Amino acid sequence: MTETLDTNVRIMPSRGRRATRTTLFDLGFEELRARLVDLGQQPFRAAQIYDWTYQKLVTGYEQMSNLPAELRVSLAESLPMDALTQVHALETDDGETVKFLYNTHDGQLVETVLMFYPDRATVCVSCQVGCAVGCAFCATGLGGLQRNLTAGEMVVQAVNAARLAHEHGRPLTNLVMMGMGEPFHNYRETIKFIGILNDKHGMNFGARRITVSTSGILPGIERLAAEPYQVNLAISLHAPNDELRSQLVPINDRFSIDQLMATARAYIERTGRRISFEYALMKGINDSDEVAEELADLLSGMLCHVNIIPLNPVDVLPYERPETADIDRFAAVLEARGIPTTVRYSRGVEIAAACGQLRAKFQ
Ligand code: SF4
């Protein structure tokens with residue numbers, strides 16, 4: 001494992017403060033054009049800036065060599081590019097997983113993970129500092145919600161990951177919103193973030209390569225179905241009945257499994273897109289044959305896929321990862337019932353790569 005640490009960065013606690021600062025990464029293409037026109041500039045400058053920022057992946061205005069020098073100086077003041085400051089980066093020995101810890105301008109800690117696979121490079125982005133959902137097995141939920149991230153604070157996580165992937169000679173191919181936070185508790189900024197990444201003037205990142213993961217916020221699922229972006233939807237299910245799910249995912253007290261399934265079916269009907277159900281497998285909690293059969297009953301006939309994620313345990317929480325044989329047995333029950341199933345092991349366990357763990361260590 002290699003470590004880098006920028007000790008010059010002060011980390012200041014600031015619970016509950018809101019981000020009010022606008023950076024270049026917060027502006028959609030049309031917003032940037034309008035901002036430039038307000039500054040007395042030609043609108044075509046927006047395309048130049050988007051190209052430098054999202055295609056050439058430069059780190060500062062001084063590298064945008066076709067912009068007038070005075071414009072570069074004024075933009076650096078009025079629209080800074082330092083939406084987040086990297087304070088830590090951890091890399092697994094094989095170099096296949098990199099975890100970034102960032103500091104926001106108001107002293108909050110944010111995590112991002114970049115994972116290299118033979119055929120793709122995937123970034124896992126955070127959308128909030130902390131999380132209000134409070135899943136029983138999750139390090140991020142332990143401290144509650146601090147604040148939402150802005151679209152720009154999400155965009156820069158993807159851009160930094162794209163830069164590192166580029167340095168490895170690899171394109172960034174996939175993006176999952178499975179880091180800290182619940183995207184549908186920060187709906188407006190999440191959709192703006194997707195729009196900026198998807199913009200053809202910039203990264204032109206295909207919506208089909210983006211996965212939005214929710215704990216089951218039904219109004220968010222309904223709104224997403226009506227959006228123009230063909231993103232993938234993942235629902236963190238973790239249990240097939242209300243009694244068990246309410247213990248693991250407290251939002252289930254508000255939106256029951258029956259309601260969740262009805263909303264998921266309506267989403268599939270409206271979009272024609274398959275849903276992924278995420279299932280964190282925990283020893284002695286939700287990993288029995290009976291529970292697997294119940295899960296198969298629940299999902300039978302649905303256009304869906306189950307991702308079994310053997311739990312990456314958190315030191316202070318009493319949940320454990322099942323034995324490999326039990327993980328395989330659980331998956332085999334689902335497959336025998338015709339439910340498409342994949343077992344996905346968490347990457348970078350040795351670098352605290354599960355959601356919220358590195359941030360918790362620093363705090
Ligand atoms: S698992 Fe996701 S939704 Fe649940 S507390 Fe953690 S970050 Fe929030």
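Predicted model: local features only at pLDDT ≥ 70, side-chain atom pairs only at ≥ 80, totals over all residues.
Gln146 counts as buried, because 24 C-beta neighbours lie inside 10 Å and 20 or more are needed. This residue is found in strand β7, residues 145-148.

**Around the ligand**

- The ligand is surrounded by 12 residues.
- Cys131, Val133, Cys135, Cys138 and Gly141 are the closest of them.
- Sorted by class, this shell holds six nonpolar, five polar and one charged residues.

- The protein chain splits into domain 1, covering 24-78, and domain 2, covering 85-362.
- The centres of domain 1 and domain 2, taken over C-alpha atoms, are 33 Å apart.
- In the contact between them, nine residues of domain 1 meet 16 residues of domain 2.
- Helix α2 (residues 45-55) supplies four residues to the side of domain 1 that touches domain 2, the largest share.
- That side of domain 1 has six nonpolar, two polar and one charged residues.

**The largest nonpolar core**

- The largest nonpolar core has 96 residues, and the members that touch the most others are Val155, Ala158 and Leu281.
- Helix α4 gives the most to this core, with nine residues.
- Domain 1 (24-78) and domain 2 (85-362) both give residues to the core, so it lies between them.
- As a general background, nonpolar side chains tend to be buried together in soluble globular proteins.
- Leaving aside neighbours within four places in sequence, Leu281 is in contact with Asn286, Asp287, Ile308, Ile309, Pro310, Leu311, Pro322, Ile327 and Phe330.

**Helix α4**

- Helix α4 runs over residues 151-167, which makes 17 residues.
- At 1.5 Å a residue the helix should span 24 Å, and its end C-alpha atoms are 25 Å apart, which agrees.
- Most of α4 is covered, with 13 of its 17 residues buried.
- After α4 comes Gly169, which has a positive phi, near 75°.

- Most residues other than glycine have a negative phi.
- Leu57 has a positive phi, near 60°, and is not a glycine.
- Leu57 is found in the loop between α2 and α3 (69-78).
- With 18 other C-beta atoms within 10 Å, Leu57 is partly exposed, because that count falls between 12 and 20.
- His238 also has a positive phi, near 70°, and is not a glycine.
- The loop between β10 (232-236) and α7 (242-248) is where His238 sits.
- His238 is buried, because 27 other C-beta atoms lie within 10 Å of its own.

**Met115 in strand β4**

- Met115 belongs to strand β4, residues 109-117.
- Met115 counts as buried because it has 21 C-beta neighbours inside 10 Å, and the cut-off is 20 or more.
- Apart from neighbours within four places in sequence, Met115 is in contact with Glu96, Thr97, Thr122 and Arg347.
- Met115 and Phe184 are 69 residues apart in sequence, and their C-alpha atoms are 24 Å apart in space.

**His305 in strand β12**

- His305 has its place in strand β12, residues 304-310.
- His305 is partly exposed, because 17 other C-beta atoms lie within 10 Å.
- Not counting residues up to four places away in sequence, His305 touches Arg274, Ser276, Pro340 and Thr342.

**Ser300 in a loop**

- Ser300 is placed in the loop between α9 (289-299) and β12.
- Ser300 counts as exposed because it has 11 C-beta neighbours inside 10 Å, and the limit for exposed is 12 or fewer.
- Ser300 and Ile339 are 39 residues apart in sequence and 7.0 Å apart in space, C-alpha to C-alpha.

Technical notes:
Residues numbered from 1 in each chain as written. Near = placed C-beta within 6 Å. Nonpolar A, V, L, I, M, F, W, Y, C, P; charged D, E, K, R; others polar. Helix = DSSP H or I, 4+ residues; strand = E, 2+ residues; numbered from the N terminus. Expected span 1.5 Å × (residues − 1). Contact = placed C-beta atoms within 7 Å. Domains from an automatic or database assignment. Core = buried A, V, L, I, M, F, W, Y, C linked by C-beta atoms within 7 Å.
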